[in-house]
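Please read the following report alongside the sequence and the coordinates.

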Amino acid sequence: MIKLITFLYGVFAYLLFLIAFLYAIGFIGNFIVPKSIDTGTETTFTQALLINVLLLSLFALQHSVMARPAFKKWWTNIVNPVIERSTYVLLSSSALLLIYWQWRPMQAIVWKIENETAAMIINGIYFLGWIIALLSTFIINHFDLFGLKQITQSMKNKDLKPECTTFKVIHLYKIVRHPIMLGFLIAFWATPVMTIGHLVFALTTTIYIFIAVKFLEEKDLRELFGEEYKNYQKKVPMLVPFIRK
């Protein structure tokens, strides 16, 4: 019964991720969804800026702290290691849903592409960014990344495998070290209509991605893989393709 509950918990966390991910495409791109980044009742500029930055900061804090090895080591003394990743995914997705719900639009226009063909091309680039981000998760192991592999192993009475210590570079990871983040950056900035609210979102997330990747994630990867990762850093750019030091 405990294993069944654990399995259902992991599946629920993954389904919530799918909802949050798909909603993000509509939310940021102003497609289909009932509430997007540029819809809703406007408040004062100061109030909207403060609330929006706080929402993004809350997500950044949860997303970064819970991903650190030291936190995971402490956290798995409290929760079952099998659901550690699923819990991370559940809370990250919940933080995203909170952003969608409480986001305050700031509708003043920074730029607007009037040409329909150019706007279509930019929208195509927008969707390409999401495809790159999602595809990159499958390159490294999508189901492990989102906790499904762990709960499946538990249901099959298999021991939870330790963190991977084998370093390999394949596909998009030969072009940039963090293609998932590259995909997000493309999606966040590729828009034919850039409002102040969208700009706040794009700028804040870009700063967060750069800081988290350069000073947190890459530090953890160097400690995990040692000289292999240091050599990888010298050969492959972090986020911008075809750029060398």
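The sections below describe selected local features of this model.

## Basis of the values

This is a predicted model, in which local features need pLDDT of at least 70 and side-chain atom pairs count only at pLDDT 80 or more, while totals for chains, interfaces and linings use all residues. Residues are numbered from 1 along each chain as its sequence is written, and side-chain values use heavy atoms, with hydrogens and water left out.

## Packing of α1 against α4

Two packed helices are described by the angle between their axes and the distance between the axes. Helix α1 (residues 2-29) and helix α4 (residues 84-102) have axes that come within 8 Å and cross at roughly 35°. Helices here are DSSP runs of H or I with at least four residues, strands are runs of E with at least two, and both are numbered from the N terminus. The axes are lines fitted to C-alpha atoms, for helices over the stretch in contact, with angles running from 0 to 180 degrees between N-to-C directions. The crossing of α1 past α4 is left-handed, a term for the near helix being turned anticlockwise from the far one by less than a right angle.

On the α1 side the contact (heavy atoms within 4.5 Å) involves residues including Tyr9, Phe12, Leu16, Tyr23 and Phe27, and on the α4 side residues including Val89, Leu90, Ser93, Leu97 and Tyr100. By class, the contact of α1 with α4 has 15 nonpolar, five polar and no charged residues. In this classification Ala, Val, Leu, Ile, Met, Phe, Trp, Tyr, Cys and Pro count as nonpolar, Asp, Glu, Lys and Arg as charged, and the others, Gly among them, as polar.

## Aromatic pairs

The structure holds 26 aromatic pairs. Rings of Phe, Tyr and Trp (its six-membered ring) pair if their centres lie within 6.5 Å, and planes under 30 degrees apart count as stacked, over 60 as edge-to-face and the rest as tilted. Phe27 and Tyr100 form a tilted pair, with 5.0 Å centre to centre and 40° between the planes. Because Phe27 lies in helix α1 and Tyr100 in helix α4, this pair ties together parts that are 73 residues apart in sequence. Phe27 and Tyr100 are both buried, where buried means under 20% relative accessible area, exposed over 50% and partly exposed in between, with a 1.4 Å probe and protein chains only.

Tyr229 and Tyr232 form an edge-to-face pair, at 5.5 Å centre to centre and 65° between the planes. Both lie in helix α10 (residues 227-235), three residues apart, about one turn of the helix. Tyr229 is buried at 2% relative accessible area, and Tyr232 is buried at 7%.

Asn30, a residue other than glycine, has a positive phi near 60°, and its place is in the loop between α1 and α2 (45-65). Ile32 likewise lies in the loop between α1 and α2 and has a positive phi of about 65° although it is not a glycine. Asn30 is partly exposed at 32% relative accessibility, whereas Ile32 is exposed with a relative accessible area of 90%.

## Annotated spans

An unreviewed UniProt entry lists residues 7-33, 45-65, 86-103 and 123-148 as "transmembrane region"; the positions are given in the numbering used here, feature names are shortened, and annotations may be inferred rather than shown by experiment. In the model, the end C-alpha atoms of residues 7-33 lie 30 Å apart, and that span is 85% helix and 0% strand. For residues 45-65 the end C-alpha atoms also lie 30 Å apart, with 100% helix and 0% strand.

## Burial and contacts elsewhere

Helix α8 (residues 179-189) is largely enclosed by the rest of the structure, because eight of its eleven residues are buried. Among the buried residues are Ile180, Met181, Leu182, Leu185 and Phe188, and what covers the buried residues of α8 includes α1, α5 (116-140), α6 (142-145), β2 (193-195) and α9. Thr205, in helix α9 (residues 196-225), is buried at 11% relative accessibility and touches Leu56 and Phe188, not counting residues up to four places away in sequence.

Ser92 is in helix α4 and is buried at 7% relative accessibility. With residues up to four places away in sequence left out, Ser92 touches Phe59, Gln62 and His63. Glu114, by contrast, lies in the loop between β1 (109-112) and α5 and is exposed, with a relative accessible area of 62%. Glu114 and Pro192 are 78 residues apart in sequence and 8.0 Å apart in space, C-alpha to C-alpha.
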